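Colleague: I would like to go through the aromatic contacts and one of the pockets. Please show the structure before we start.

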Amino acid sequence: MRDIAVFSGTAHPDLAAEICAHLDVPLHPVRVSRFANDCLEVQLQANCRERDVFLIQPLVPPVQEHLVELLLMIDAARGASAGRITVVLPHYAYARSDKKDAPRISIGGRLVADLLTSAGAHRVLAMTLHSPQVHGFFSVPVDHLHALRELAAHFRGRDLSNTVVVSPDLGNAKEAAAFARMLGTPVAAGAKQRYSDDRVQISTIIGDVADRDVIVLDDEIAKGSTVIELMSHLRERQVRSIRLACTHGLFSSGALKRLSEQDGVLEIVCTNTVPIPEEKRVPKLEVLSVAPALAEAMRRIHNGESVSALFG
């Protein structure tokens with residue numbers, strides 16, 4: 001691919017390298033340095049002039065550090081006369097801050113979108129945003145991918161004759177229904193109320209799950225409090241087995257170990273939109289790659305082809 005330049009921040013260089021391998025293009029180096037006053041400086045170490053520049057950086061912990069690094073990368077590309085700057089956001093952490101549900105709180109999802117645009121981003125390629133309205137926070141084009149195909153391909157190799165897909169809440173029910181259609185299974189959902197970041201209550205499960213094999217689908221799992229609450233209700237309904245699936249496996253605060261030790265959990269499946277260190281992994285974990293999907297979307301963006309056709 002000519003006239004394309006791909007750079008990665010420090011958040012997930014392994015994913016960026018895998019994407020470039022699928023595109024058959026080099027991953028150009030980026031120098032990130034820190035001044036004595038703790039300020040960052042970024043230098044893109046390849047020519048950007050009039051080129052189609054892609055900057056790959058998921059917003060993963062430390063989120064603020066990686067966000068500023070990304071903003072500086074965008075600014076550096078703009079200052080280097082890039083023809084077009086596309087930000088590749090495998091995980092947009094601030095997408096969870098998408099509404100004003102209490103007095104005097106910030107809406108970080110919109111603010112960070114404004115920052116990316118102000119820095120010079122011409123378009124954004126994202127994977128499984130937390131809610132549909134986040135798409136509208138950006139004033140530049142957004143290509144929004146999902147990982148349902150990769151997750152469905154993984155589960156199709158199993159006997160699904162007695163399986164039901166369960167969404168932890170009604171907000172994710174639409175995605176769960178689409179996933180269930182891919183697998184040819186029924187769908188159910190939990191009725192959830194969130195009280196704080198790590199305290200939720202599920203009052204009931206809507207749908208038939210009794211004596212079924214369950215696949216719990218969520219967009220991301222962080223501390224795992226929602227999924228653990230849901231699983232207690234599933235066990236009360238006497239489900240046969242539980243498999244957990246998500247796009248963004250953040251697994252903070254020992255969540256991965258805690259989930260793998262829950263009764264009835266056979267498997268935990270996520271994608272590599274965020275890095276999962278080897279020391280955090282457990283035998284029940286399966287990590288699927290979204291690098292081929294991101295690479296194909298980048299190729300289509302570069303060539304002016306339809307990205308939505310990927311989901312046809």
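Colleague: Is Phe-155 buried or exposed?
Modeller: This is a predicted model, so the answer rests on computed values. The relative accessible area of Phe-155 is 0%. Buried means under 20%, so Phe-155 is buried.

Colleague: What kind of aromatic pair do Phe-155 and Phe-179 form?
Modeller: Phe-155 belongs to helix H4 (residues 148-155) and Phe-179 to helix H5 (residues 173-183), 24 residues apart. Phe-179 also counts as buried, at 0% relative accessibility. The ring centres are 6.3 Å apart and the planes make 80°. An angle over 60 degrees counts as edge-to-face, so the Phe-155 and Phe-179 pair is edge-to-face.

Colleague: How are the rings of Tyr-92 and Phe-138 arranged?
Modeller: A search of the whole structure finds two aromatic pairs, and Tyr-92 with Phe-138 is one of them. Tyr-92 is buried at 4% relative accessible area, and Phe-138 is buried at 8%. Their centres lie 5.6 Å apart with the planes at 50°, so the pair is tilted.

Colleague: Where does the second largest pocket lie relative to domain 1 (4-145) and domain 2 (148-288)?
Modeller: The pocket holds about 160 Å³ of space. Among its 13 lining residues, those closest to the centre are His-12, Asp-14, Pro-275, Ile-276 and Arg-281. Both domains give residues to the lining, so the second largest pocket lies between them.

Colleague: Which element gives the largest share of that lining?
Modeller: By class, the lining has eight nonpolar, two polar and three charged residues. The largest share is four residues, and they come from helix H1 (residues 13-23).

Notes: Residues are numbered from 1 along each chain as its sequence is written. This is a predicted model: local features need pLDDT of at least 70, side-chain atom pairs count only at pLDDT 80 or more; totals for chains, interfaces and linings use all residues. Side-chain values use heavy atoms; hydrogens and water are left out. Rings of Phe, Tyr and Trp (its six-membered ring) pair if their centres lie within 6.5 Å; planes under 30 degrees apart count as stacked, over 60 as edge-to-face and the rest as tilted. Buried means under 20% relative accessible area, exposed over 50%, partly exposed in between (1.4 Å probe, protein chains only). Helices (H or I, at least four residues) and strands (E, at least two) are DSSP runs, numbered from the N terminus. On a 1 Å grid over the protein atoms alone, a cavity is a set of points where a 1.4 Å probe fits but cannot get out, and a pocket is an open set with protein on both sides within 12 Å along at least five of seven lines; lining residues have an atom within 4 Å of a point. Grid points are joined across faces, edges and corners, and a volume is the space filled by probe spheres set on the points. Ala, Val, Leu, Ile, Met, Phe, Trp, Tyr, Cys and Pro count as nonpolar, Asp, Glu, Lys and Arg as charged, and the others, Gly among them, as polar. Domain bounds come from an automatic or database domain assignment.
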